[in-house]
Amino acid sequence: MEIYSYRMALSFHHLVSTAQIHQEDIRVLFDEAARMEEVLQQGGDDRCHGKILASLFYEPSTRTRLSFEAAMRRLGGSVVSAEGIRFSSLYKGESIEDTIRVASQYADIICMRHPDIGSAERAASVSSIPFVNAGDGPGDHPTQGLLDLYTISKERGGIEGLHIAIAGDLLFGRTVHSVSQLVALYEGVHFTFISPPELKMPRKYLTAFAERGVAYMETEDLEAGFGADVLYMTRIQKERFEDLGEYERLKGAYTLTKKHLKGRGVTVMHPLPRVDEIAKDVEDLPNAAYFRQVRNGLVIRMALLSLMLDPHHSP
Ligand code: NCD
């Protein structure tokens with residue numbers, strides 16, 4: 001009798017947008033992440049030995065790039081990388097498509113960050129190896145959405161029925177777009193969106209929430225988030241403003257302090273980097289989950305690489 005070992009697989013070959021992710025993918029990924037927590041505690045393993053990650057960052061990044069690269073190395077793989085708008089292909093005027101075709105010959109998986117919405121889709125359409133969107137301008141940031149969801153689930157013991165407040169730059173903050181779409185997949189959740197009127201959540205997401213019966217309210221008042229289960233703070237996205245005067249006017253819109261959180265059980269998250277949205281004294285509180293969130297990012301990217309590079313994974 002033959003024995004087949006059956007391993008759950010992701011439904012996607014490339015991860016371009018958050019909208020591709022189903023609840024079953026999340027279950028598979030979070031199971032793998034639980035295994036990766038143990039692998040990380042042992043200092044890593046060598047399941048990606050001989051594999052190469054091409055890490056292409058057309059836009060500055062510290063966390064996301066380091067986290068992808070560290071994840072690959074923890075799994076025994078190696079990394080070739082190019083960062084900064086002056087890296088040669090862009091400088092010389094090469095198209096994204098050609099850069100991806102070239103990188104596909106060198107590596108086994110690509111992660112790419114780019115300032116333009118839609119760039120990830122263009123790249124994936126010509127990639128002959130698995131491709132991961134590491135942020136496309138103000139559009140989407142699916143791996144950040146996944147690590148945020150994983151953090152919420154770990155901190156709160158699940159997602160269903162939670163009240164999630166999101167504050168700051170909801171217009172340009174791509175992580176907001178990603179995490180809210182994932183949270184909205186779960187029963188009984190509701191949102192409070194907190195922003196200045198100029199930086200409200202884009203209508204297309206609100207319409208989609210309304211269509212699925214996900215309740216939300218919009219306000220300018222940060223206090224509306226203090227009684228939520230999670231308060232997700234974000235930076236005003238300076239690089240997306242054409243008029244820097246407008247940025248200067250909006251940048252100090254919200255600062256969360258220890259005083260605001262007195263006697264509150266709300267979990268405080270932030271994708272980082274923070275500017276002045278969360279005062280330093282908040283770190284003293286158990287509510288502050290944003291550095292745990294960073295570690296979860298490493299674990300989730302290890303899980304993604306492990307699953308996407310699995311030779312039995314062929315959706
Ligand atoms: C975020 C991003 O790049 O969109 N950071 C991240 O991925 N860790 C948030 C931000 O830059 O404000």
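Glu-83 lies in strand β2, which covers residues 78–83; helices (H or I, at least four residues) and strands (E, at least two) are DSSP runs, numbered from the N terminus. The model is a predicted one, in which local features need pLDDT of at least 70 and side-chain atom pairs count only at pLDDT 80 or more, while totals for chains, interfaces and linings use all residues. Residues are numbered from 1 along each chain as its sequence is written, and side-chain values use heavy atoms, with hydrogens and water left out.

With a relative accessibility of 37%, Glu-83 counts as partly exposed, a class that lies between buried (under 20% relative accessible area) and exposed (over 50%), using a 1.4 Å probe and protein chains only. Not counting residues up to four places away in sequence, Glu-83 touches Phe-57, Pro-60, Ser-61 and Arg-65, where contact means heavy atoms within 4.5 Å. Glu-83 and Arg-65 are 18 residues apart in sequence, and their C-alpha atoms are 9.0 Å apart in space.

Ser-127, in the loop between α5 (119–126) and β4 (131–136), is buried, because its relative accessible area is 9%. Leaving aside residues up to four places away in sequence, Ser-127 touches His-14, Ile-100, Ser-104 and Ile-110.

Turning to the helices, the axes of α1 (residues 23–41) and α6 (residues 142–156) come within 11 Å and cross at roughly 75°. The two helices are therefore roughly perpendicular to each other, a term for angles of 65 to 115 degrees. On the α1 side the contact is made by Ile-26, Leu-29, Phe-30, Ala-33, Ala-34 and Glu-37, and on the α6 side by Leu-146, Leu-149, Tyr-150, Ser-153 and Lys-154.

Definitions and conventions. Axes are lines fitted to C-alpha atoms, for helices over the stretch in contact, and angles run from 0 to 180 degrees between N-to-C directions. Angles under 35 degrees count as roughly parallel, over 145 as roughly antiparallel, 65 to 115 as roughly perpendicular and the rest as oblique.
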